[in-house]
Amino acid sequence: MPFSSDFGGAARRKLIPLQRVVTGWWRRQSPARQDRFATLGPLISVLLFLAAIISAFWYLRNEEIERETEAVKRDTEIAQQQIRLRLIENQEQLVRIAREIATRTVDAHDFGAQARAFVRERPELTEVDWIGSHRDRRAHINSSGYQDDSLVVTDNTGIDPSLPLANQSSPPELAFLAARERRQPVYSLPFADSNGATVFQIQVPLVDRTGFSGVLIAEYSVEALLRHAVPPEVATRHAILVLDGREQVVSSTVTPMPGQRIQRASIIHDVPMAPALNGLVLRGQGYRTSIGLISNTLFWMVVALSVLTVWMLLGTWRHMRRRLQIQTALASETNFRRAMENSMLTGMRAMDMESRISYVNPAFCAMTGFSEAELIGRKPPFPYWPTDRYEENARLQQQEVQGRSPAGGAEVRVMRKDGTIFDARMYVSPLIDSKGKQSGWMASITNITEAKRVRDQLSASHERFTTVLEGLDAAVSVLSVQQGELLFANRSYRLWFGADPAGHALLAGGPLGRALPTEPVDEIDDYTGLPAQALTEAGSDPREVYVESLEMWFDVRSRYLQWTDGRLAQMLIATDITVRRRAEALAAQQAEKAQVTSRLMTMGEMASSVAHELNQPLTAITNYCNGMVSRVRGDNIAKEDLLTALEKTAKQAQRAGQIIHRIRNFVKRSEPQRQASQAADIVEDAVELAGIELRRRNVAIHTYVAQRLPSLMVDPILIEQVLMNLLKNAAEAIDNASLPASRRHIELRVVPKHTPELGGHIEFSVTDMGPGLPEEVISRMYEAFFSTKADGMGIGLGLCRSIVESHQGRIRAENLYNASAIVGCRFAFTIPVDISRPDTSGTSGPSAVNLQATP
């Protein structure tokens with residue numbers, strides 16, 4: 001008790017200063033405000049009490065919900081983790097068995113023993129199958145451990161490998177194709193087995209030295225997996241369900257009794273069934289046990305008492321408010337007049353009929369620097385008149401007294417008390433009293449020094465801007481959209497087109513604006529509702545226009561704007577680009593010559609290979625002819641033998657003619673012409689010509705062209721030239737490095753692709769197993785006249801890049817690595833197409849061609 005007594009005394013001593021402060025503040029308040037506080041105090045207290053009760057109930061309810069939600073989330077994640085560990089462990093065992101099968105370590109009977117032991121230890125498995133690459137079942141073990149040899153039969157009817165995955169509707173078949181393509185374990189989508197139970201499979205690919213040899217399949221029962229993998233304590237606390245992709249319950253740890261009504265869960269938490277990720281979802285469910293605020297009796301009692309108290313206090317407050325309204329209206333009227341007088345920035349000055357100042361507002365005093373006492377009662381000359389303008393101000397004062405002041409106001413000079421002078425505009429009006437008799441004059445004065453300075457600056461800025469526009473080499477014109485009137489034209493426009501608005505219409509590529517009617521008609525605004533703001537804010541893409549009368553090219557940019565009078569107008573800026581267009585045309589001619597020169601150089605470098613290629617059919621023709629001459633002279637050749645020899649001679653001559661025809665088409669000079677071309681035809685022609693060089697260097701080429709590719713809008717000769725250059729460079733790199741036969745091959749692939757930055761395109765790639773390129777060469781290989789060859793000119797790759805970019809494509813090069821060692825190089829370029837619409841007229845033959853070159 002001594003402690004309590006001391007504590008209470010200390011608290012009272014601390015509260016005494018606070019009580020004095022509150023008492024002093026209360027005494028300083030007005031009686032009206034004291035009455036208001038006395039009325040609103042109990043009302044605020046009741047409202048705060050009600051808010052505290054509601055907040056307490058709400059906090060407890062939310063705390064319970066959050067605790068239950070966290071428990072459901074934790075148990076669901078524990079169940080997910082247990083299932084994940086169980087599936088990963090089983091997958092590792094299946095991968096080990098699959099590795100032994102692929103290495104021929106076990107046969108079908110040994111596999112049966114391992115599979116029975118595997119299934120016996122894992123009750124969630126229903127069966128384990130060994131399937132061959134052609135869907136032939138090698139072994140089968142069900143959950144009872146029984147192996148039926150009669151089930152080991154060949155079944156090739158389930159899968160058509162030539163069809164895409166979208167046409168294989170069965171989930172096991174889809175998983176089989178995915179495992180065969182990815183060469184890694186694949187989980188199938190859930191499906192119903194013969195007993196109606198929901199199951200899913202994991203298919204582990206069997207990959208041996210020859211490639212894909214089959215799959216090892218393990219089938220899981222979803223119900224058994226949930227029953228054995230979820231810990232009992234988790235299943236006791238919360239219901240764990242498995243849902244498929246259609247939100248249908250597949251299995252649950254809770255089995256409802258017959259006729260029992262299932263209560264809808266108020267708390268759920270969903271997680272995917274990992275690592276399967278096949279559309280199955282684990283859902284944990286929980287229920288709230290507390291009752292809501294609506295059914296709480298204590299809460300409603302507190303609410304009822306609080307409402308009653310509030311109603312009583314509101315009656316008192318309404319009575320006090322009516323009493324305060326009268327006091328407030330009187331104070332507001334006085335304060336309004338005073339505030340309006342003090343807040344005006346315009347100076348107000350009143351004079352009586354004898355020109356004596358009778359009133360000035362605070363703004364006038366602040367503007368002139370004189371106090372109210374210094375101005376009231378003064379007669380002209382007033383102290384704010386400049387000494388050198390007495391006569392002018394006296395004349396204005398006389399006009400003011402006679403009522404002849406201009407309606408737009410008069411511009412005057414006013415002197416402050418410190419002697420500084422500023423410009424002002426004064427408006428004068430008669431002052432009428434309540435009887436309708438004039439009692440004086442009221443003048444308002446506004447400081448216009450800053451406005452006058454801004455007006456002068458705007459005038460000078462407009463003059464400078466006009467001077468700049470007149471000095472531009474580009475033609476600038478503004479045309480009214482409604483009337484077709486030329487509102488502005490600079491010197492360049494007038495020099496080229498004069499003052500005629502037809503030049504503006506010619507540059508804009510459209511007709512002039514509407515002509516004004518010659519007869520009086522009802523005015524109808526055809527542009528009513530036009531989004532003028534959107535038009536003035538929007539720009540337009542630049543375009544190039546040729547004016548035949550001037551023989552000049554212009555780069556024209558236009559935009560809509562609102563003219564100074566509010567009319568909608570169009571502004572054009574036309575820049576003379578005739579010199580640039582001529583330079584571009586000359587550059588195009590030079591590029592065409594460079595392309596032809598590059599093709600001639602390529603064939604010149606391949607001259608020895610072409611000669612060797614032509615020598616074979618010519619030698620064969622010579623041998624056939626010599627043989628026929630000898631046998632004819634000896635008269636020992638039959639007619640059939642002679643015809644056979646002549647046919648063989650003709651075939652060899654035709655072969656030599658085809659070689660010469662392809663070379664002629666490749667090197668002949670022609671105008672670039674884009675046309676619908678097939679990628680397969682371009683690749684075939686390029687490989688046919690490049691094959692001459694590749695066979696001489698003993699380099700093999702493997703080509704792959706995807707089927708049903710869309711047509712390319714390209715110049716086929718230019719694309720063939722790019723492929724020829726890349727194939728020849730790859731063959732030279734391999735041959736110069738003296739690589740073994742295992743690395744003397746080139747791969748040419750043509751496939752469709754789609755990327756967000758490039759969109760739909762076809763990619764041509766040339767991959768070799770050569771020594772690769774140094775990093776400094778990759779960064780400079782497209783520079784003109786840069787080459788790593790002793791006799792190279794350095795224009796090949798640069799020309800390839802120009803050709804590809806002229807077709808809106810891209811070209812890139814990269815080294816291929818095995819760890820840190822370079823094992824080859826890959827050049828790839830893209831041509832944009834619409835891959836959503838494949839060309840049905842494409843080749844229907846094999847999509848891959850393998851050509852082996854011979855020395």
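I began with Glu 763, which at 3% relative accessibility counts as buried, where buried means under 20% relative accessible area, exposed over 50% and partly exposed in between (1.4 Å probe, protein chains only). I noted that this is a predicted model, in which local features need pLDDT of at least 70 and side-chain atom pairs count only at pLDDT 80 or more, while totals for chains, interfaces and linings use all residues. Residues are numbered from 1 along each chain as its sequence is written, and side-chain values use heavy atoms, with hydrogens and water left out.

**Salt bridges**

I looked up the partner of Glu 763 and found Arg 812, with the closest N and O atoms 3.0 Å apart in a salt bridge, a term for a side-chain nitrogen of Lys or Arg within 4 Å of a carboxyl oxygen of Asp or Glu. Arg 812 lies in strand 26 (residues 811–818) and Glu 763 in strand 25 (residues 759–768), so the pair ties together parts that are 49 residues apart in sequence. Helices (H or I, at least four residues) and strands (E, at least two) are DSSP runs, numbered from the N terminus. Arg 812, at 38% relative accessibility, counts as partly exposed.

A search of the whole structure gave 33 salt bridges. Among them I looked at Arg 283 and Asp 270, whose side chains meet at 2.8 Å, N to O; Arg 283 is in strand 10 (residues 281–286) and Asp 270 in strand 9 (residues 267–272), 13 residues apart. Arg 283 is buried at 15% relative accessibility, whereas Asp 270 is partly exposed at 35%.

I then turned to Glu 732 and Lys 728, which form a salt bridge at 3.3 Å, N to O. Because they are four residues apart in helix 19 (residues 716–736), about one helical turn separates them, and both Glu 732 and Lys 728 are buried. I also recorded a network of salt bridges that links Glu 411, Arg 413, Asp 423, Arg 425 and Lys 452.

**Backbone**

I checked the peptide bonds and found a cis bond joining Ala 274 and Pro 275, with omega about 0°; Pro 275 sits in the loop between strand 9 and strand 10. The bond from Pro 380 to Pro 381 is also cis, with omega near -5°, and Pro 381 is in the loop between helix 9 (372–375) and helix 10 (390–401).

I noted these entries because most residues other than glycine have a negative phi, and most peptide bonds are trans. Glu 551 has a positive phi near 55° and lies in the loop between strand 18 (543–547) and strand 19 (552–562), where Glu 551 is exposed at 55% relative accessibility. Ala 819, not a glycine, has a positive phi of about 65°; Ala 819 is in the loop between strand 26 and strand 27 (821–832) and is exposed at 73% relative accessibility.

**The whole protein**

I counted 21 helices and 28 strands in the protein, and 36% of its 855 residues count as buried. Among contacts (heavy atoms within 4.5 Å) between residues at least 6 apart in sequence, 58% join residues at least 24 apart.
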